[in-house]
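Please load the model in your viewer and keep the residue selection panel at hand. The stops below are meant to be followed in order.

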Amino acid sequence: MKNLWFDMDGVMTVYDYDLYVPQKTGDTPPFLRLGSHVFASLAENEELMKSFNVLYEKYRDSEEVSVNVLTSIPVGLLQAEHTLDKYNWCLTHIRDFRAADFYCVSVPKHDAVIDFLWPLTKDDILVDDYPKNLANWTKRGGTAVKCINGINSYSDLYDCIDTRWPASRITEVMEEILKK
């Protein structure tokens with residue numbers, strides 16, 4: 001079985017740099033403020049989410065492909081808030097979303113799958129925008145797809161999709177990757 005793992009921040013949602021940096025010197029970044037619920041209302045990458053929903057519906061009950069959300073959160077006081085906000089975001093933006101397809105982790109993504117599910121293989125495909133996640137995923141045996149989101153750049157190391165493409169093109173490329 002092929003397993004598609006989609007990251008949220010910067011892939012399914014528009015990356016908002018201002019959430020991760022202090023507004024002024026000495027401030028706590030918004031995503032680290034208790035009660036901020038920054039992940040509950042992030043804007044979706046519209047074309048990517050159209051494609052995600054096509055793939056999710058197509059393979060929902062498939063024995064061939066599993067489509068999942070794999071997102072990370074920082075360890076600490078905000079774990080429950082961030083987890084619930086990200087899960088509720090998925091319920092709002094993914095048609096007929098199932099809890100079983102949601103993985104929210106506080107360890108590196110590759111470690112989460114290896115430690116809790118199975119050893120990574122080329123059939124475990126991570127769609128992510130963060131180079132460190134992609135490099136660690138492939139180093140552990142998985143397949144990485146770099147999501148270009150307007151703030152990062154293309155790479156010759158990975159297959160790439162772009163959030164600025166039409167949904168049909170994103171879906172087409174993802175289907176080609178699944179055939180490999």
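Is Cys 147 buried or exposed? Cys 147 counts as buried, at 0% relative accessibility, where buried means under 20% relative accessible area, exposed over 50%, and partly exposed in between (1.4 Å probe, protein chains only).

Before moving on, note that this is a predicted model, in which local features need pLDDT of at least 70 and side-chain atom pairs count only at pLDDT 80 or more, while totals for chains, interfaces and linings use all residues. Residues are numbered from 1 along each chain as its sequence is written, and side-chain values use heavy atoms, with hydrogens and water left out.

**Stop 1: the cysteines**

The structure holds zero disulfides, a disulfide being a pair of cysteine sulfur atoms within 2.5 Å.

**Stop 2: the largest pocket**

Next, display the pocket surface. Rolling a probe the size of a water molecule over the atoms shows where empty space is left. The largest pocket holds about 540 Å³ of space. Here a pocket is found on a 1 Å grid over the protein atoms alone, as an open set of points where a 1.4 Å probe fits, with protein on both sides within 12 Å along at least five of seven lines; lining residues have an atom within 4 Å of a point. Grid points are joined across faces, edges and corners, and the volume is the space filled by probe spheres set on the points.

By class, the lining has ten nonpolar, seven charged and five polar residues; Ala, Val, Leu, Ile, Met, Phe, Trp, Tyr, Cys and Pro count as nonpolar, Asp, Glu, Lys and Arg as charged, and the others, Gly among them, as polar.

**Stop 3: helix α4**

Now colour by secondary structure; helices (H or I, at least four residues) and strands (E, at least two) are DSSP runs, numbered from the N terminus. Both α3 (109–116) and α4 supply at least two residues each to the lining of the largest pocket, and the largest share, three residues, comes from α4. Select residues 131–139, which form α4, and pick out its buried residues: Asn 133, Leu 134, Asn 136 and Trp 137. An α-helix has 3.6 residues a turn, so residues three or four places apart point the same way.

Draw a distance from Thr 138 to Asp 111: the two are 27 residues apart in sequence and 12 Å apart in space, C-alpha to C-alpha. After α4 comes Gly 141, with a positive phi near 110°.

**Stop 4: two loop residues with positive phi**

Select His 37, in the loop between β1 (2–6) and α1 (46–59). Although His 37 is not a glycine, its phi is positive, about 50°. His 37 is partly exposed, with a relative accessible area of 37%.

Then go to Asp 96, in the loop between α2 (79–93) and β3 (102–105). Asp 96, a residue other than glycine, has a positive phi near 50° and is exposed, with a relative accessible area of 58%.

**Stop 5: aromatic rings**

A pair of aromatic rings is described by the distance of the centres and the angle of the planes. A search of the whole structure finds eleven aromatic pairs; rings of Phe, Tyr and Trp (its six-membered ring) pair if their centres lie within 6.5 Å, with planes under 30 degrees apart counted as stacked, over 60 as edge-to-face and the rest as tilted.

Show Tyr 87 with Phe 97, a tilted pair at 6.2 Å centre to centre and 50° between the planes. Since Tyr 87 lies in helix α2 and Phe 97 in the loop between α2 and β3, the pair ties together parts ten residues apart in sequence. Phe 97 is buried, with a relative accessible area of 10%, whereas Tyr 87 is partly exposed at 21%.

**Stop 6: charges over rings**

Finally, select Lys 86 and Phe 39: the charged end of Lys 86 sits over the ring of Phe 39, 4.5 Å from its centre. The criterion is NZ of Lys or CZ of Arg within 6 Å of the ring centre and within 35 degrees of the ring normal. Arg 169 lies over the face of Trp 165, at 5.3 Å from the ring centre.
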